[in-house]
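Here's a quick briefing for anyone meeting this structure for the first time. Have a look at the sequence and the model, then read on.

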Amino acid sequence: RRIALLGAPIDMGASQRGTLMGPAALRTAGLATLLESLDFEVVDYGDLSVAEIRDLADRPPAKANHYREIQRWTRVLSRRGYEIAQTGALPIFLGGDHTLSMGSVNAMARHWREHGRDLFVLWLDAHADYNTPETTITANMHGMSAAFLCGEAGLDGLLGDDARASIDPGRLDLFGARSIDKLEKELMRARRIRVVDMRQIDEFGVAVLIRRVIERVKADNGVLHVSFDVDFLDPCVAPGVGTTVPGGATYREAHLIMELLHDSGVVGSVDIVELNPFLDERGRTARTAVELIGSLFGQQITDRPTPSNAIA
Ligand code: DIR
Ligand code: MN
Ligand code: MN
Ligand code: MN
């Protein structure tokens, strides 16, 4: 029961600066102490840096802001994440904007593939992040990470010669979406990307919908990577993000999701991204994110055996 923390202070993938302070805020909010109180051994690898990384000579796509910088981060994250996964620890990647996942998910997919297991990805996010340099309106690369991971064309040079492990679009679940661009939506429809939007959450509730995701992972003996974009939460709960969208998950819905994921036992790695401490209200969003990670790793209100498993 060992957890590895790895910070990636990236903010060039988003339009607003400031997510580079995310790892520090999550540490300040007590992430390691909380995980230790839940009986984990926590190894904090500190923050990555891209200062030493040599730039590649490929030609940046026309519409991908700060491509070079994101390329450095993606390569570093992919290598370090993979090495850390090999130590047997469960990695939590601390962002940083959502371009972080291009590296972290690639690392975990490669790791598990070597162990004969498929990686599934749960993308908790107000957005679909399924743009490409072709479809994007903003050219912000944090809106492209899920598409990149599913092997969409347009950012093929990001990893250079490093191994790219695309995930099968059938193993990706977008959850909580309420802002998807027009061309992005068309591309998702063509690829049959599964998305649980906020309307479905309203109609059916998070428990039913998350259990479906978990069952798919279990049926395949897969491992689940949880990519938690803090803007998944309603802005009332989580004001400290650059691209707030009204109508997000409530505090209770988010905790229930984390509790159900914990009970499932299928989670093998986590990203916490898009937290922007520059926009936060005295650490409120950072603290909320840390509390949610607590639920994801076994924090319970009472100590009774997990009721969801007992019923299912
Ligand atoms: C928008 C917003 N779809 C874009 N995306 C994200 O820029 O591509 N905002 N991820 O957080
Ligand atoms: Mn291994
Ligand atoms: Mn996102
Ligand atoms: Mn988002």
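Let's start at a metal site in this predicted model: the manganese ion (ligand 3) is held by His-98 (ND1), Asp-125 (OD), Asp-129 (OD) and Asp-229 (OD), at 2.0 to 2.2 Å. Donors here are N, O and S atoms within 2.8 Å of the metal (3.2 Å for Na, K and Ca), and since water is not among the atoms, sites may look incomplete.

**More on that site**
- Along the chain, the donors of the manganese ion (ligand 3) are spaced as H-x26-D-x3-D-x99-D.
- His-98 sits in the loop between strand 3 (90-95) and helix 4 (100-114), while Asp-129 is 31 residues away, in the loop between strand 4 (119-124) and helix 5 (145-149).
- Asp-125 coordinates two metals, the manganese ion (ligand 3) and the manganese ion (ligand 4), which are 3.2 Å apart.
- Both His-98 and Asp-129 are buried; that word means under 20% relative accessible area, with exposed being over 50% and partly exposed in between (1.4 Å probe, protein chains only).

**Another manganese**

**A buried threonine**
- You'll find Thr-132 in the loop between strand 4 and helix 5, and it is buried, with a relative accessible area of 6%.
- Leaving out residues up to four places away in sequence, Thr-132 touches Met-144, Ala-147, Glu-152, Ala-153 and Leu-187 (a contact means heavy atoms within 4.5 Å).

**The whole protein**
- The protein has 11 helices and 8 strands, which are DSSP runs (helices H or I, at least four residues; strands E, at least two) numbered from the N terminus.
- The C-alpha atoms fill a box of roughly 55 × 45 × 40 Å along the principal axes.
- Of the 312 residues, 56% count as buried.

**How to read the numbers**
- Residues are numbered from 1 along each chain as its sequence is written, and chains are lettered from A and ligands numbered from 1 in the order in which they are written.
- Local features need pLDDT of at least 70, side-chain atom pairs count only at pLDDT 80 or more, and totals for chains, interfaces and linings use all residues, while side-chain values use heavy atoms, leaving out hydrogens and water.
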